[in-house]
Amino acid sequence: MQLNRKLLGHIYMAAFLLYLMLPLVVMAGAAFNDSKLPTVMPWKGLTSRWFVELWNDNRIWGAILNTVWVALAVVALAVPIGTAGAILVNSVNGRVRGILYGLMVAPILIPGVVIGISTLLFWHQFSIGSGLHLSVLGQVSYIASFVMLLVLARLQSFDHGLEEAALDLGASHAQVMRRILLPHLYPALGAGAAISFFQSIENFNVTLFTRGGADTLTVYVFSKVRTGITPTINALAFLMIMFTLIFAIWYEINRRRKAKIEAARENDARRATALEEAV
Amino acid sequence: MEQLYRRYGKGLTFMIVSLTAFWLLVLVILPDFKLLEASFRPYLPVVDIGGPKDTYSLGNYAQILGNPVDFSSFGLSFQIPARVKVFVLTIIYSGMVTLIAFLLAYPLCFYLAKVVSNRSLPTLFLLLFVPLWVSEVLRSFAWFIIMTLKGPLNAILMALGAIEKEIRWVDGYSPVVVTLVYAYVLFMVFPIYNSMQSLDNNQLEAAEDLGAPWWRVHWRIVLPHSKPGIASGSVMVFMLSAGSLLVPAIINSTTGNWFTQTIQGIMLEGQDWNTGAAFAFMLLLFCTVAVIAAMRLFRVSLSDIAR
């Protein structure tokens, strides 16, 4: 009975992973099909022409460059803003804390369409027209919330006594910030930067309404799907999946090696104590 | 506040407060007020802006009421405005996406939290993360390929002899629902897993020893314990689905329009920013009400949802 249920669990897990992976396999497969439409089923032979076309598509390279610039700008703004928000909300109590926290979390739940349109209208009244700069501002408004949550979680394990001690020993305020608080927050800041970067690359809704005429990768792929699709998009998808997979495998190998070293070290320690006891 | 001043001094405190103020005021609150203000103004040519015709009215909101169409639901059939219909259907189908995602995620989370050995857990999570890193636009595109008329789904079913003629899958709302579930199911998995993981195994064993059948163990112990995670996942998936523009636009089912597509049409094709603002504000209002309702229903706070 117990065994059966476990088996059922394994089967479900495998089926779920298959469900997640299969569409990606289909999409990547279409990149190699010698057919004008992106599909796998009437297989017309293996080709690499879509990769060549992808390489020669200048618009896509421009779009990728734009995407990276926007993502870097979002990281540069969202990390300090989210960190400042977390420090501020952590230093107040009671009702104010609740309201402030609510305001800082709410942008995550606001639909991207609303953020995009409100950003566009707000800056338009100051005669600042649409373009990728507005996309950055719109994206920061909710991506800063993710950074805030990460930093706030990290702040819970921070001992404010350290800051007091540093001040008593004559450290300046800037030193307290730079030498005590920030080093403690580094892991959260790193994670925040990574999440900001990927959220920005993924973003579509905000960008669509604020971008003006500029392309980002998501918007470009979207417009490509709507007007005359060719399998160049699949070639791009294949490359992105491969990139992700290589990263995942590298990460997994690294993790296993670390786990092995850890286990070996533990083993050594255990043997050493056993030896000591025996002696 | 005084603490902040004492620790970091005048300059840094000022910086922290002003960065936060810039975020909350300039990037969040004021744009939303502008959205509300613009939504009451008429759509005018540039010369008339600020002129005598530029008065506040509910005209933009009234635009949702035009163009009545037939609507039948629960055996009742009546006429409602086309855009209201799209709005209502968007909400209904987003609810359906949330429910399906929950049903798919729950057994998986239980497996991950309570059945599988700790050693294989990191590998499994890595595998789950891989599709999440492939961008949303490409994941929707994958389903578009699968479901096209000459696509692999029809080809496989025909090869198996299950169907004789190709089926038009991209019709109505079901292709959009299928793709949304695929795109967002992982946002249901992680929060439920997190809350389920903290459940003490002894509780499960005790219940089983006392003779509870498996479904009662779930109903009385696992389900109540994972409530915060379920609330968080459901709110996340519902909001993402109702606010999604990418997925319905890529699937592009002409008989399965999403409300965000209506807004996009008004804003970008009609270039009528004021009516667009009114519709966007309606969506915002609905989402706010929905989140508050979900918080009351599940008796959780905002900090539970945002975890």
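Helix H6 of chain A is mostly covered, with 20 of its 24 residues buried. Buried here is a matter of counting: a residue is buried if 20 or more other C-beta atoms, placed from the backbone, lie within 10 Å of its own, exposed if 12 or fewer do, and partly exposed in between. Before we go on, note that this is a predicted model, where local features need pLDDT of at least 70 and side-chain atom pairs count only at pLDDT 80 or more, while totals for chains, interfaces and linings use all residues. Residues are numbered from 1 along each chain as its sequence is written, and chains are lettered from A and ligands numbered from 1 in the order in which they are written.

Let's stay with H6(A) for a moment. How far apart are its end C-alpha atoms? They are 33 Å apart, which agrees with the 34 Å that its 24 residues should span at 1.5 Å a residue; the expected span is 1.5 Å times one less than the number of residues. H6(A) also has a kink of about 35°, centred on Ser141(A). The bend at a residue is the angle between axes fitted to the seven residues ending there and the seven starting there.

Ser127(A) sits in the loop between helix H5 (112-124) and helix H6 (132-155) of chain A. Most residues other than glycine have a negative phi. Ser127(A) is not a glycine, yet its phi is positive, at about 60°. Is Ser127(A) buried or exposed? Ser127(A) counts as exposed because it has 6 C-beta neighbours inside 10 Å.

Step back to chain A as a whole. You'll find 11 helices and zero strands. Both kinds of element are DSSP runs numbered from the N terminus: helices are H or I with at least four residues, strands are E with at least two. One of the helices, H4(A) (residues 94-109), reaches 23 Å from its first C-alpha to its last, close to the 22 Å expected for 16 residues. Buried residues in H4(A) include Tyr101(A), Met104(A) and Leu109(A).

What about overall shape? The C-alpha trace of chain A spans about 70 × 70 × 40 Å along its principal axes. Its radius of gyration is 25 Å, while a compact globule of 279 residues would have one near 19 Å. That radius is taken over C-alpha atoms, and the globule rule is 2.2 Å times the number of residues to the power 0.38. Of those 279 residues, 40% count as buried.

Chain A also meets chain B. The contact takes 75 residues from chain A and 71 residues from chain B; two residues are in contact if their C-beta atoms, placed from the backbone, lie within 7 Å. On the chain A side, helix H1 (residues 2-30) gives the largest share, 13 residues. By class, that side has 56 nonpolar, 14 polar and five charged residues. Ala, Val, Leu, Ile, Met, Phe, Trp, Tyr, Cys and Pro count as nonpolar, Asp, Glu, Lys and Arg as charged, and the others, Gly among them, as polar.

Finally, which residues touch the most other members of the largest nonpolar core? In this core of 154 residues, they are Cys109(B) and Ala280(B). A nonpolar core is a set of buried Ala, Val, Leu, Ile, Met, Phe, Trp, Tyr and Cys residues joined through C-beta atoms within 7 Å. Leaving aside neighbours within four places in sequence, Ala280(B) is in contact with Val113(A), Val114(A), Ile117(A), Leu35(B) and Ile263(B).
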